[in-house]
Amino acid sequence: VRKDASTSPCATKLPPAQSSKQPSIGPPLWSVRLSRASLFFTQHRYLLTLAIVLFLTYMSLVNLAVNALECHDRPVGGVSYLEADLSVQCFTGRHLSVVGGAVALLLFVGAGLPLSIFVALRGAVDRPSLRFMSDGYRPGLRWWEALVLLRKMGLVLAASLVTDASSQVAAAMLVLVPSVVLHVHHKPFEQRRFNILETLSLSAMIATATLSLVFLRARGGEQAVLEGRDQEVDPALDGIVTGLLVGANGLVMVLQALVVCRAGEGSGPASAALSGCMSRRREETSRPVLSNKLGTRPSIAATLQKHSSATMAKSQASHAADESKARRGRNVAEVIPARASDKRV
């Protein structure tokens, strides 16, 4: 009996066959998880409702949390008191629980909502259910509203938690200057006029903060103003600074009004839908109506006109029927004597 070659001690052992399958190259795991979270967010309606409510109340919630952390800048007897309630000592006793809730609110709403917007709207895929936050932005930058919310929160934190005027302006600059640079570089809006308007608006905010700080320094500083030891400022300088501040902010407001008034002149789907809705609304409002407690009913004049038209139509139909009967009677009267004469002949 011949032995199998595989059982022979002199048989050469071959290396195990390597798998011919190559490792698949795909998106990273974190990208897949973000996509799944975005899909889950857009498919569940209750989360969409929650996002709308949080988006509309975002600044109110951030202000509420900041007010719970804002302490008076002048300690009394070495003790700081809460700015919103001077009977509460800061960071002691019951205020510690409020501080925990305020910090949690800032983390989960102040930073969590912009992060959720970025996750849901990143990429070039359009989300129709979230179009109230992404409409108007270029594809690929539909998440830009997240940066806008973070900028607003940063300005609120700089104005509330920083007490010194110079430090407030410096903190505001740390928020506004990068915002201007990013906006000018990326130009997130689809329409050029919105990009220009946003740039002017941010520039006006920077100019307002800078000129206000210069004017405060000219009067001797914040401490001198608070203690009533401020210096007299040249009326010409006062007028120039005031004019620049009012002019810059007034120009931005006028341009915003013009852009809003001309927003419906575009040819996009939103403009077409808006114009169609307005035309239907004009047609509905042009009809004479009378509103009462039971709802909207036709007016009395319209009802009378409709009733008179129906009565006139009925009378015309009755008159036409009478004429038709009379015509048939005359024809019968003419036919009968003719038949009788024919029979006599």
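Predicted model: local features only at pLDDT ≥ 70, side-chain atom pairs only at ≥ 80, totals over all residues.

Biologist: Where does UniProt place the feature "transmembrane region"?

Modeller: The unreviewed UniProt entry puts it at residues 46-66, 96-121, 196-216 and 236-261. Residues 236-261 are 100% helix and 0% strand, and their end C-alpha atoms lie 37 Å apart.

Biologist: Let's zoom in on I117. Is I117 buried or exposed?

Modeller: I117 sits in helix α4, residues 95-121. Its relative accessible area is 3%, so I117 is buried.

Biologist: And what does I117 touch?

Modeller: Not counting residues up to four places away in sequence, I117 touches M133, W143, A146 and L149. Take M133: I117 and M133 are 16 residues apart in sequence, and their C-alpha atoms are 8.3 Å apart in space.

Biologist: New topic, helix packing. At what angle do α3 and α6 pack?

Modeller: Helix α3 (residues 58-69) and helix α6 (residues 144-161) pack at about 25 degrees, and their axes are 10 Å apart. Angles under 35 degrees count as roughly parallel, so α3 and α6 are roughly parallel to each other. The crossing of α3 past α6 is right-handed.

Biologist: Which residues make the contact?

Modeller: On the α3 side you have Y58, M59, V62, N63, V66 and L69. From α6 come L149, K152, M153, V156, L157, S160 and L161. The residues of this contact split into 10 nonpolar, 2 polar and 1 charged.

Biologist: What about R151, buried or exposed?

Modeller: R151 is in helix α6. Its relative accessibility is 15%, and buried means under 20%, so R151 counts as buried. Leaving aside neighbours within four places in sequence, R151 is in contact with V175, S179, E198 and L202.

Biologist: OK, and what is phi for K187?

Modeller: K187 has a positive phi of about 50 degrees, and K187 isn't a glycine. You'll find K187 in the loop between α7 (165-186) and α8 (192-218). With a relative accessible area of 45%, K187 is partly exposed.

Note on methods. Residues numbered from 1 in each chain as written. Heavy atoms only, no water. UniProt positions renumbered as here; feature names shortened; annotations may be inferred. Helix = DSSP H or I, 4+ residues; strand = E, 2+ residues; numbered from the N terminus. Buried < 20%, exposed > 50% of the residue type's maximum accessible area, 1.4 Å probe, protein only. Contact = heavy atoms within 4.5 Å. Axes fitted to C-alpha atoms, helices over the stretch in contact; angles between N-to-C directions. Parallel < 35°, antiparallel > 145°, perpendicular 65-115°, else oblique. Left-handed = near helix turned anticlockwise from the far one by under 90°. Nonpolar A, V, L, I, M, F, W, Y, C, P; charged D, E, K, R; others polar.
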